[in-house]
There are 2 protein chains.
Amino acid sequence: MTAQPFVFNLIKEQGAARAGTFTTPHGLIETPVFAPVGTQATVKAVSPAQLAETGATLVLANTYHLYLRPGADLVAEMGGLHQFMRWPGPMLTDSGGFQVFSLAGTRKIDDDGVTFKSHIDGTLHRFTPESSIAVQEQLGADIIMAFDECAVPDDLAYNQAALVRTHTWLDRCVAAKKRPDQALFGIVQGGIFPELRRESARYVAALDLPGNAIGGLSVGETKHQMHEMLEALDPILPRHKPRYLMGVGSPEDLVNGIMRGVDIFDCVLPTRLARHQAAFTAAGRMNLMNAGFARDSRPIEASCDCYTCRTFTRAYLRHLIVAKEMLAATLISIHNIQFLVDLVKRARQSILDDNFPSFSADFLASYKTTSHKVQT
Amino acid sequence: MTAQPFVFNLIKEQGAARAGTFTTPHGLIETPVFAPVGTQATVKAVSPAQLAETGATLVLANTYHLYLRPGADLVAEMGGLHQFMRWPGPMLTDSGGFQVFSLAGTRKIDDDGVTFKSHIDGTLHRFTPESSIAVQEQLGADIIMAFDECAVPDDLAYNQAALVRTHTWLDRCVAAKKRPDQALFGIVQGGIFPELRRESARYVAALDLPGNAIGGLSVGETKHQMHEMLEALDPILPRHKPRYLMGVGSPEDLVNGIMRGVDIFDCVLPTRLARHQAAFTAAGRMNLMNAGFARDSRPIEASCDCYTCRTFTRAYLRHLIVAKEMLAATLISIHNIQFLVDLVKRARQSILDDNFPSFSADFLASYKTTSHKVQT
């Protein structure tokens with residue numbers, strides 16, 4: 001028996017932090033949750049069996065990439081994204097909008113949609129709210145996202161105009177959506193401008209969708225601005241709907257986001273860092289290429305229960321890196337994903353135990369942050 | 001209770017083909033056996049857990065590579081090769097000789113040993129029979145190999161001189177070896193010259209080592225020459241010792257080798273082909289990049305029980321290749337290794353069932369061979 005899909009059950013709140021569950025046709029998501037990113041229908045360097053072993057539940061894939069390659073019609077013909085990449089759990093696709101604005105070549109935005117050039121072969125394509133939904137329906141993820149305009153975050157006039165378009169496009173996405181087994185989330189935009197963000201949140205909330213997302217907060221604004229924005233949105237976004245902070249996921253961002261009422265996160269950071277030899281630890285990032293690890297027989301993190309930490313030494317991982325062996329990226333990716341999955345699980349448990357303030361304060365005090373820019 | 005190590009139990013012979021077991025300190029090897037190659041203390045793109053799932057028992061690592069990077073002293077300090085790379089089963093190291101002759105830069109051979117330049121950084125190094133054994137004792141594999149001279153196979157005068165050196169070096173390896181938990185195998189050389197090969201086999205056999213190897217038959221001679229050589233050696237090499245044909249392992253070579261009395265094989269072919277998008281099937285090699293597979297919902301091989309074939313379609317594998325995703329190499333490597341492991345297991349079972357002639361004839365009739373050159 002599967003529970004009614006897309007029901008968000010808010011089990012416990014502590015301050016703004018929340019612990020809950022969200023049901024999907026492919027299983028239950030315990031929230032807060034961190035979703036690793038499988039851009040091209042694979043979490044880079046990690047097999048679905050290895051991914052499942054990290055404890056990951058929700059996995060994201062990118063509509064822009066899959067639309068271009070192998071094509072959404074091909075994925076649909078192969079039984080949809082879950083079947084194609086063999087991820088049996090819940091999945092989420094973005095709308096393609098963010099990548100059109102960040103990756104694709106020369107583009108033309110009009111009120112109807114966006115024309116763009118493929119970053120792969122330069123061919124011309126067009127996304128509209130309707131076509132983004134159609135593509136996401138072909139891909140078949142459990143959670144799909146509204147097609148929005150990702151404006152430069154600190155240009156007020158641009159954000160005002162973009163927000164009008166984003167809201168109109170959201171209405172068109174709602175109207176275009178057909179599949180009952182997919183949940184459409186709206187996206188709050190508005191750049192770094194609190195009044196625009198609040199206006200957007202009110203607009204999105206009023207549509208009473210199964211979940212609400214916060215976009216554009218992973219692309220250049222400061223941590224402080226991100227925190228202020230989340231605090232401004234917390235009272236407006238409905239409590240009984242999951243909240244998804246798009247493209248965010250450093251360890252400190254996850255804890256700070258949970259503290260401010262976020263339920264769902266996704267980020268390429270764990271796998272991208274892994275391909276650059278960096279591992280998460282409770283004390284901060286560790287660059288495993290460091291010569292000091294050459295004869296270090298400890299695991300990355302003694303308290304970590306991932307396959308990599310249960311099995312391999314830092315010395316071995318450094319050897320794989322120096323010897324340019326692909327297994328390095330796989331093993332560090334496994335660790336980094338499980339680190340974030342576990343961190344969010346521990347945060348969830350601390351909320352259930354009425355202990356989140358101390359859990360988050362302890363974590364943030366010991367974790368040495370590193371500035372970074374991420375991009376989905 | 002571990003059985004007495006390095007006992008070869010010859011269970012059954014059918015013609016020259018043999019089924020047996022060989023005990024090592026890290027477990028029993030059922031022979032014939034195919035050993036995947038973990039050159040730099042990792043079978044490329046495959047984790048030890050994934051490797052174990054293929055059914056592989058014996059794994060090879062390369063002394064030359066590990067001596068240069070990370071260094072045999074470091075591996076020893078980390079508890080030896082099994083512990084370092086976390087392969088719990090039997091392991092074999094070559095002597096480094098083959099790579100010195102095939103990979104390293106400018107070198108000088110004298111009666112005492114070989115001076116060579118690292119292919120990594122050009123630094124000068126020297127291997128002697130004694131130092132090769134010392135390095136292999138630091139690495140700690142179950143089976144270690146004598147240091148030999150790998151001559152150009154079709155130069156008679158060179159092979160005559162090299163053979164004298166190889167036999168003298170073998171004696172020095174036997175004298176230098178100290179660890180009782182390692183089995184030293186001698187290596188039959190002699191190029192393409194049957195009389196030299198027979199002379200070498202008699203010399204090596206007389207030393208009564210726990211196993212005997214046949215070197216230099218994977219580097220340019222024809223299949224026909226390889227078969228003739230194996231047939232010439234079969235009556236000379238002791239029946240009650242395992243025979244290892246070094247660096248050989250295409251599917252047809254395995255079947256032809258087993259037919260001619262070989263017990264142990266190793267080859268980089270399954271993983272190297274995988275990184276070039278080619279998969280083994282019972283009908284021959286399949287290039288998964290082929291556009292014809294774009295919408296093919298079948299596994300690589302319907303009868304294959306590997307993780308890749310149980311889980312993924314050709315369409316998905318082709319997508320991973322086209323999208324340049326690392327997971328492609330991992331998944332095809334898993335299949336190719338298990339294909340060879342299974343092939344050799346089925347050959348073994350057919351020997352036990354008195355059915356090897358029909359098994360091998362059927363396999364060779366349906367397998368479309370592809371010419372190739374391999375190199376360990």
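Which strand of chain A does strand E12 (residues 211–214) pair with, and over how many bridges? I looked there first. E12 of chain A pairs with strand E13 (residues 243–245) of chain A, in the parallel sense, over 3 bridges. I count two strands as paired if DSSP finds at least two bridges between them. A:Ala213 has A:Tyr244 in E13(A) as its bridge partner.

**Ground rules**

This is a predicted model, where local features need pLDDT of at least 70, side-chain atom pairs count only at pLDDT 80 or more, and totals for chains, interfaces and linings use all residues. Residues are numbered from 1 along each chain as its sequence is written, while chains are lettered from A and ligands numbered from 1 in the order in which they are written. My helices (H or I, at least four residues) and strands (E, at least two) are DSSP runs, numbered from the N terminus.

**The sheet of 8 strands, chain A**

I then traced the sheet around that pair. It is an open sheet of 8 strands in the order E4-E14-E13-E12-E11-E10-E6-E5, with parallel pairing. Strand E4 (33–36) and strand E5 (59–61) stand at the edges with a single partner strand each, so one side of each has no neighbour in the sheet. The twist from one strand to the next averages 25 degrees. For angles, I use axes fitted to C-alpha atoms, for helices over the stretch in contact, and values from 0 to 180 degrees between N-to-C directions.

I also checked a hairpin in chain A. Strand E15 (residues 278–281) and strand E16 (residues 284–287) run antiparallel and are joined by 4 bridges. The hairpin has 2 residues between its strands. A:Ala278 has A:Asn287 in E16(A) as its bridge partner.

**The sheet of 3 strands, chain B**

In chain B I looked up an open sheet of 3 strands, order E1-E2-E3, with antiparallel pairing. Its edge strands are E1 (8–14) and E3 (27–31), each pairing on one side only. Neighbouring strands are turned by 10 degrees against each other on average, direction ignored. Strand E2 (residues 17–24) and E3 of chain B share 5 bridges. One partner pair is B:Gly20 with B:Thr31 of E3(B).

What lies across this sheet? Helix H14 (residues 327–352) of chain B lies across E1, E2 and E3, running at about 115 degrees to E2(B).

**Helix pairs**

I followed H14(B) to helix H13 (residues 314–322) of chain B. Their axes come within 8 Å and cross at roughly 135 degrees. H13(B) and H14(B) are therefore oblique to each other. My angle classes are roughly parallel under 35 degrees, roughly antiparallel over 145, roughly perpendicular from 65 to 115, and oblique for the rest. B:Leu317, B:Leu320 and B:Ile321 of H13(B) meet B:Leu327, B:Ala328, B:Leu331 and B:Ile332 of H14(B). I call two residues in contact if their C-beta atoms, placed from the backbone, lie within 7 Å. This contact has 7 nonpolar residues, no polar and no charged. Ala, Val, Leu, Ile, Met, Phe, Trp, Tyr, Cys and Pro count as nonpolar, Asp, Glu, Lys and Arg as charged, and the others, Gly among them, as polar.

In chain A I checked helix H6 (residues 129–139) against helix H7 (residues 156–176). They pack at an angle of about 45 degrees, with axes 8 Å apart. That makes H6(A) oblique to H7(A). A:Pro129, A:Glu130 and A:Ile133 of H6(A) touch A:Trp169, A:Arg172, A:Cys173 and A:Ala176 of H7(A). The residues divide into 5 nonpolar, no polar and 2 charged.

**The two copies**

**Backbone notes**

A cis peptide bond joins A:Thr31 and A:Pro32, with omega about 0 degrees.
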